[in-house]
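Subject: Structure handover

Hello,

Please find the structure below, followed by notes on what was found in it.

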Amino acid sequence: MKRETPSVLILEPNALQCDLIKLALIRHRMNPIICNQTSSLRQQLVQHLPDVLLIDTYLPEQNGLDLIAQLHSEILLERTRVFFVSSLAFPEIVQKAAKVGASGFLVKPLNPDMMVSRILGSLGRSARLPN
C-alpha cells in the first residue's frame, strides 16, 4: 500500500547538502526525515519505515556502501529503496552501489528536480510541480 506522502530518510553528513535535499523533498510534498548519525540509522529505519533512504557513500563513521550491505543482510531495508549520494561517481563505486542493492546513484552537486523524479520513479509515481 502506497503512502499518500512518501517518506525519505536522509543520512548526509554535510549540513548544507542535507538542508537542500530536505527543502526539495518538502517542495514536492514528501516527508523528509533527518538522521544525524550513522549510529542511529538502524533505529530510524525501524521507527519510521521510510519509503526511501538517501545516504552518502562516505560517512564520517563508516563507509555507506558497507553499511547498506550490512543493513540488507539484517533485513532492515526490505521495503526501503536506497539511493546513494556522492560527488565521487567512479564506475567502480556506482557498480558497488548497485551490487549492495541500491535503487539509484545521485551525483553531487544534486539537481533537486532530477533527484525528486528519480525517487518518485522508484516508487512508481511521477513528479508533479508544486502549486
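Is T38 buried or exposed? T38 is buried, with a relative accessible area of 5%; buried means under 20% relative accessible area, exposed over 50%, and partly exposed in between, with a 1.4 Å probe and protein chains only. T38 lies in the loop between β2 and α2. Leaving out residues up to four places away in sequence, T38 touches L11, L59, E61, Q62 and L67, where contact means heavy atoms within 4.5 Å.

Two points on how to read the rest. This is a predicted model, in which local features need pLDDT of at least 70 and side-chain atom pairs count only at pLDDT 80 or more, while totals for chains, interfaces and linings use all residues. Residues are numbered from 1 along each chain as its sequence is written, and side-chain values use heavy atoms, with hydrogens and water left out.

Helices and strands carry numbers from the N terminus and are DSSP runs (helices H or I, at least four residues; strands E, at least two).

Helix packing

Two packed helices are described by the angle between their axes and the distance between the axes. Axes here are lines fitted to C-alpha atoms, for helices over the stretch in contact, and angles run from 0 to 180 degrees between N-to-C directions.

Helix α1 (residues 15-27) and helix α5 (residues 112-122) have axes that come within 10 Å and cross at roughly 60 degrees. That angle makes α1 oblique to α5; angles under 35 degrees count as roughly parallel, over 145 as roughly antiparallel, 65 to 115 as roughly perpendicular and the rest as oblique. The crossing of α1 past α5 is right-handed. A crossing is right-handed if the near helix is turned clockwise from the far one by less than a right angle, and left-handed if anticlockwise. On the α1 side the contact is made by I21, A24, L25 and R27, and on the α5 side by P112, D113, M115, V116 and I119. By class, this contact of α1 with α5 has seven nonpolar, no polar and two charged residues. For these classes, Ala, Val, Leu, Ile, Met, Phe, Trp, Tyr, Cys and Pro count as nonpolar, Asp, Glu, Lys and Arg as charged, and the others, Gly among them, as polar.

The other pair is α2 and α3. The axes of α2 and helix α3 (residues 64-73) come within 12 Å and cross at roughly 45 degrees, which makes α2 oblique to α3. Here, too, the crossing is right-handed, with α2 passing α3. L41, R42 and L45 of α2 meet L67, Q70 and L71 of α3. The residues of this contact of α2 with α3 divide into four nonpolar, one polar and one charged. L67 of α3 is also among the residues that T38 touches.

Cysteines

How many disulfides are there? The count comes to zero, taking a disulfide as a pair of cysteine sulfur atoms within 2.5 Å. C18 is in no disulfide, and the nearest cysteine sulfur, that of C35, is 9.4 Å away. Seen from C35, the closest cysteine sulfur is in C18, and the 9.4 Å between them is too far for a bond. C18 is buried at a relative accessible area of 7%, and C35 is buried at 2%.

Backbone

Most residues other than glycine have a negative phi, and most peptide bonds are trans. The following entries depart from that.

- The peptide bond from K108 to P109 is cis, with omega near 0 degrees. P109 sits in the loop between β5 (104-107) and α5.
- R29, not a glycine, has a positive phi of about 60 degrees. R29 is in the loop between α1 and β2 (31-34) and is partly exposed, at 36% relative accessibility.
- L49 has a positive phi near 45 degrees. L49 is in the loop between α2 (41-48) and β3 (52-56) and is exposed, with a relative accessible area of 55%.

Pairs apart in sequence

N111 is in the loop between β5 and α5 and is partly exposed at 42% relative accessibility. I21 is one of the α1 residues in the contact with α5.

A98 is in helix α4 (residues 91-99) and counts as exposed at 52% relative accessibility. A98 and L65 are 33 residues apart in sequence and 9.6 Å apart in space, C-alpha to C-alpha.

Regards
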